[in-house]
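Please open the structure in a viewer and keep the selection tool at hand.

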Amino acid sequence: MRLFKSLLLSVLVLSVVSVPAVSAETRIRCASTTSTQNSGLFDYILPIFEKKTGIKVDVVGVGTGAALEIGKRGDCDVVFVHAEEFELKALKEGYFVNRYDVMYNDFIIIGPSNDLAKIKDMKSASDAFKRITETNYFFVSRGDRSGTHIKELSIWKKAGIEPKGQKWYLEVGQGMEKTQRVANEKKAYTLTDRGTWLATKDKDKLEMSIVLEGDPILFNQYGIMAVNPERHRHVKYKEAMEFVIWIISQEGQKAIADFKDKNSNQLFIPNAK
Amino acid sequence: MDSIISGFVKAFSLIFHLDKELLGIIFLSLKVSGLALIIAAAIGLPFGAIIGLRRFYGRDLIISVLNTFMGLPPVVVGLSLYLILSRSGPLGFMGLLYTPSAMATAQSILAFPIVASLCHSAIVSVDPIIKQASVTLGATPLQVTITIMKEARYGIMSGVIAAFGRVMAEVGAILIVGGNIAGYTRVMTTTIALETDKGNFELALALGIVLLAISLMINMVLHYVQKLGVRTK
């Protein structure tokens, strides 16, 4: 039993001694989306900002809806998300101040390399969707309420088609990479984001190619805004604004443009005004 | 199958080239879970002892509630604690959200019912003759309690080990209240979840293997201590 006691004691001492020494450096908290965090963008741009200003940015990566909610409750200092409509609404309600466009990435429609449905010379995503339904090709959908899925549904809506339940509409309920693989197997069309496409098309040996890109409806705009200090007095508004101003400055925008994934593809296009 | 094999290969190379970041993550995991376990044991063991030894009104209900709470969904604990610790919540002024302390609190809530309930079971299964004997020999109520707890120590230890397994493997609660902030609240399980989301399956699997290896070592030590207790009976 003596050994047990000394063991317990040492664990206790260890845990008390090693309580994190939170240093005096200034930290701000940024609620953002998992997709942004997973891309590695923050790992690239934040050290540049931290070196310049000495402000450490802690990123909490959650879904877009949760990120906005965390900001509304005052649990972070700044939010960096991609849901323009919801951002503007929360801004108007007074939860946030100073919203700026930061960057965008885009969705693309991919299909079999021989593109038998002949989408390639089309310009509008909704027209392309309509064309796919008029042929005998499958359309594979994420079907998981992800950002990509929501975008896809908005295009169907614009095309005036209700895809759910149609026999050419396959809802797989999986991640983007898996969805692309299913589309490849089925010689089908699907909506994907450029980042996933570039990162996986060679690795997964997809016999597919981009059939439509560049329609503004396919743009995925990212915005940044600070939590309103009048609503939540404890927020570090000054430091948060330093971050906001930096990210839309020439230096911040260049850092975003310079960020490449492991296959040296640029994933985000800066477009702050 | 390839991914599984390369996951193992990667796990070994991770173990042999422990980099500073990974060490920090492992250390934080142990610290958060260790602290949670100490808190849960400090409250759970006396609690379990009381419901094991005393008979009082509402005791059966408490036992049923405890047993139910052994299966508390971590996400529910995380979300409830988030709402309490949030700046807009009742304890928001403490600024605890997204800190290791918040994570330890969440895990101690998950560990407490396991420690308390299994401690209670261990105590009620102690032979009643021991209690009678010690009372006959003139022991005070406190001495009786200590004697019975000593008899039940093997079972009590099992409860502590089970609770440790639960908190080390837990991800749902600490992800919500810790925020998985790099270098601050990122632990083994949240790293595994993040790497899986990123599509780095091999790295995620490798980290899982490292986590299991660490748990195995700790459990071997705990089991040794447990056996020691039986031999010296």
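**A strand with two partners in chain A**

In this predicted model, begin by selecting strand 3 (residues 78-81) of chain A together with strand 9 (residues 219-227) of chain A: the two pair in the antiparallel sense over 4 bridges. Within this pairing, A:Val81 stands opposite A:Gly223 in strand 9 of chain A.

Now display the side chains of strand 3 of chain A. Which residues of this strand point one way, and which the other? A:Val78 and A:Phe80 point one way, A:Val79 and A:Val81 the other way, and all are buried.

**Chain B as a whole**

Move to chain B, and colour it by secondary structure: there are 11 helices and 0 strands. The C-alpha trace of chain B spans about 65 × 45 × 30 Å along its principal axes. Of its 233 residues, 39% count as buried. Among contacts in chain B between residues at least 6 apart in sequence, 78% join residues at least 24 apart.

**Helix 5 of chain B and helix 4 of chain B**

Select helix 4 (residues 74-85) and helix 5 (residues 100-124) of chain B; they pack at an angle of about 135°, with their axes 10 Å apart. The two helices are therefore oblique to each other, and helix 4 of chain B passes helix 5 of chain B in a right-handed crossing. To view the contact, show B:Pro74, B:Val77, B:Gly78, B:Leu81 and B:Leu85 of helix 4 of chain B, and B:Ala102, B:Thr105, B:Ala106, B:Ile109 and B:Leu110 of helix 5 of chain B. These contact residues divide into 8 nonpolar, 2 polar and no charged.

**Helix 5 of chain B and helix 8 of chain B**

Residues making the contact include B:Leu110, B:Ile114 and B:Leu118 of helix 5 of chain B, and B:Gly155, B:Gly159 and B:Arg166 of helix 8 of chain B. What is the make-up of this contact by class? The contact has 12 nonpolar, 5 polar and 1 charged residues.

Terms used:
Residues are numbered from 1 along each chain as its sequence is written. Chains are lettered from A and ligands numbered from 1 in the order in which they are written. This is a predicted model: local features need pLDDT of at least 70, side-chain atom pairs count only at pLDDT 80 or more; totals for chains, interfaces and linings use all residues. Axes are lines fitted to C-alpha atoms, for helices over the stretch in contact, and angles run from 0 to 180 degrees between N-to-C directions. Angles under 35 degrees count as roughly parallel, over 145 as roughly antiparallel, 65 to 115 as roughly perpendicular and the rest as oblique. A crossing is left-handed if the near helix is turned anticlockwise from the far one by less than a right angle, and right-handed if clockwise. Two residues are in contact if their C-beta atoms, placed from the backbone, lie within 7 Å. Ala, Val, Leu, Ile, Met, Phe, Trp, Tyr, Cys and Pro count as nonpolar, Asp, Glu, Lys and Arg as charged, and the others, Gly among them, as polar. A residue is buried if 20 or more other C-beta atoms lie within 10 Å of its own, exposed if 12 or fewer, and partly exposed in between; C-beta atoms are placed from the backbone. Two strands pair if DSSP finds at least two bridges between them.
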